[in-house]
Amino acid sequence: MENKYTAIIKKDGDWWIGWIEEIKGVNAQESTKEELIKSLKEALKDILELNREEARTEARENYEEVMISL
């Protein structure tokens with residue numbers, strides 16, 4: 001299953017800035033559009049993994065993982 005997210009990007013002076021609208025805290029700034037998209041993908045991957053680790057730590061033990069789709 002491939003998840004899709006929306007990147008909001010724009011040119012701001014000499015920089016490209018952007019963020020992922022569905023996940024708070026995923027943002028980046030780069031000198032080219034291509035570098036920005038790459039950085040956003042990496043930041044999104046990192047924050048999703050961090051969120052997974054935190055959720056499992058909070059659950060501690062005896063938990064179940066259930067996949068949910070929209």
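1. The accessible surface of the protein chain comes to about 6,200 Å², and 48% of that area belongs to carbon and sulfur atoms. Areas were computed by the Shrake-Rupley method with a 1.4 Å probe.

2. The model is predicted: local features need pLDDT of at least 70, side-chain atom pairs count only at pLDDT 80 or more, and totals for chains, interfaces and linings use all residues. Residues are numbered from 1 along each chain as its sequence is written, and side-chain values use heavy atoms, with hydrogens and water left out.

3. The protein chain contains one helix and three strands, in the order β-β-β-α along the sequence. These elements are DSSP runs numbered from the N terminus (helices: H or I, at least four residues; strands: E, at least two). The radius of gyration, taken over C-alpha atoms, is 15 Å, well over the 11 Å that the globule rule gives for 70 residues, so the protein chain is more spread out than a compact globule. That rule is 2.2 Å times the number of residues to the power 0.38.

4. Along its principal axes, the C-alpha trace spans about 50 × 25 × 15 Å. Of the 70 residues, 16% count as buried, that is, under 20% relative accessible area with a 1.4 Å probe, protein chains only.

5. Strand β2 (residues 15–20) pairs with strand β3 (residues 27–30) in the antiparallel sense over four bridges; pairing requires at least two DSSP bridges between the strands. Gly18 has Ala28 in β3 as its bridge partner. Six residues lie between the strands of this hairpin, in which Gly25 takes a positive phi near 95°.

Conventions:
Buried < 20%, exposed > 50% of the residue type's maximum accessible area, 1.4 Å probe, protein only.
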